[in-house]
Amino acid sequence: MSNEQRSGREVIENGLKNLGSFLKGRGSTGLPGKARLNWPSAQQQQQQQQQGGAVGTSQHGTSTSALPEQLLYQQLPRSSSPVGQDRRRQGSPGPSTSSAVAAAGALAAGSNEDIEASIRQLELQGRPAGEADASGCSSSGAGAAAAGSSAASSDAGVSQSRASSSIRVAKFHKVLNEPLVDLDALRELSWSGIPQELRPVCWRLLLGYLPPNKSRQASVLARKRREYLDMVPEFYDIENDQRTEEEVGALRQVSVDVPRTAPNVPFFHEPVIQKSLERMLYIWGIRHPASGYVQGMNDLVTPFLAVFLSEALPGPMDSWTPDSLTEGIMLDVEADCYWCLSKLLEGIQDHYTYAQPGIQRTVFRVKELISKNNAAIVDHLDREGIDFLQFAFRWVNCILIREVPFGAAIRLWDTYLAEGGKFSDFLVYVCAAFLACWQKDILGLEFQELMMFLQKLPTQDWQELQIESVLSNAYVLRNTWGNAQSHLHM
């Protein structure tokens, strides 16, 4: 121990001895708050003396003169910073010990005022930086106090959010566990987002793939999976010489598009997943000759694939590997994806028939809505010679899945599916709200930069929060214009 350390230690010990001697004659009045509760009363001291124990010895055999020292060390600030930890490990006094030395010197003075002031000073040193004392002062000013308040509010928000999430999960379970699932109640809950672990069953129910009658769900699921399994050898597992020319062309188109699917999601480029995508998309196209397979459908099936695979693959999608995916698992997942894709496309079938009139009509309605609600955007695009179809066609064709990160798109689809038969109409408001997000950027760009911007919007950091903002704005737009939308129809 260095001379400086030894000197500091002696000052503390002397101060504590003097404090102990001073308090012996005063009982507990010199200690504030909880400390007084632990101080022996005069009656206890008298009993201890009659029992032959030394004055100031507690019933546990601990010297009362040691109690103030114990209390003092409890009040010493314990720095959590690396610097403070290093100083303690090295045995150097550091700022905290120096403050304790000064406080101990004041305690040794013996006056009641000095004792209370010194203990108060030690209490303040133990508080977080910026915490104000009773007089309203702060060691680091209003900025630190505001930061502390912000942190506290943040913690409260997290707790409140978790509680709210637990309540929502309980509500979902209540609806799903009923003998007959109330689909209206499920849609209302799902509109604001579905808990990840409940998403597969909720999506199946919302799309009408599973019946609401719980007693029939298992048998219906098994039957629909068998039906798909029978289609595989009939339509896919055959040689090209057994296919028509149109079927060969359809298979070629699917095989070209599948490798382009979800380029930012590596898992979808695993060979077993690529094969699965090719198989279900080709079968869908062959069995729906009115439209056949159309480019963009490969993107629409990926949310179903990710959600239904989550039942077999634990953890986040970034950590998934196909090693544990047996052929049976993949065929069951494919079947669910196939039937759910069929249900989804039933409501937007004219998006994919010849000339895709449904997409053109939706883009026209988006432009009309923007002209009423954000006229400056339409005026600027017209001046720059940019037609809405040049960028919004892809938005509608892929229902925005290519415009946002894949995880955020899954959240978007919770609301899509909750809309049910109103989905195609609601998509107009979603696209309009999405475009309105970029008004400031759009108005500041000219043709070339504007086209590049609209083709690749800076959404790479978007999460559920941004998606929910778009959905909220879309909801407001629908409430505002939904009852006066003659201008939105061709």
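Which residues of the largest nonpolar core touch the most other members?

**Figure 1. The largest nonpolar core.** Tyr228, Phe268, Phe304 and Trp413 touch the most other members of this core, which has 118 residues. A nonpolar core is a set of buried Ala, Val, Leu, Ile, Met, Phe, Trp, Tyr and Cys residues joined through side-chain atoms within 4.5 Å. Buried means under 20% relative accessible area, exposed means over 50%, and partly exposed lies in between (1.4 Å probe, protein chains only). In soluble globular proteins, nonpolar side chains tend to be buried together. The model is predicted: local features need pLDDT of at least 70 and side-chain atom pairs count only at pLDDT 80 or more, while totals for chains, interfaces and linings use all residues. Residues are numbered from 1 along each chain as its sequence is written, and side-chain values use heavy atoms, with hydrogens and water left out.

**Figure 2. Surroundings of Trp413.** Trp413 is in contact (heavy atoms within 4.5 Å) with Trp203, Leu300, Pro303, Phe304, Leu344, Ile399 and Ile401, leaving aside its neighbours within four places in sequence.

**Figure 3. Thr302 in helix H15.** Helix H15 covers residues 302-309 and contains Thr302. Helices (H or I, at least four residues) and strands (E, at least two) are DSSP runs, numbered from the N terminus. Thr302 has a relative accessible area of 2%, so Thr302 is buried. Not counting residues up to four places away in sequence, Thr302 touches Thr261, Phe268, Ile401 and Phe406.

**Figure 4. Helices H17 and H19.** H17 (residues 357-373) packs with H19 (residues 389-397) at an angle of about 120 degrees, and their axes are 9 Å apart. H17 is therefore oblique to H19. Axes are lines fitted to C-alpha atoms, for helices over the stretch in contact, and angles run from 0 to 180 degrees between N-to-C directions. Angles under 35 degrees count as roughly parallel, over 145 as roughly antiparallel, 65 to 115 as roughly perpendicular and the rest as oblique. In H17, Ile359, Gln360, Thr362 and Val363 meet Leu389, Ala392, Phe393, Val396 and Asn397 in H19.

**Figure 5. Asp184 and Ala418.** Asp184 lies in helix H9, which covers residues 183-190. Its relative accessibility is 61%, so Asp184 counts as exposed. The C-alpha atoms of Asp184 and Ala418 are separated by 9.0 Å, although these residues are 234 residues apart along the chain.

**Figure 6. The whole chain.** The protein chain has 24 helices and zero strands. Of its 490 residues, 41% are buried.
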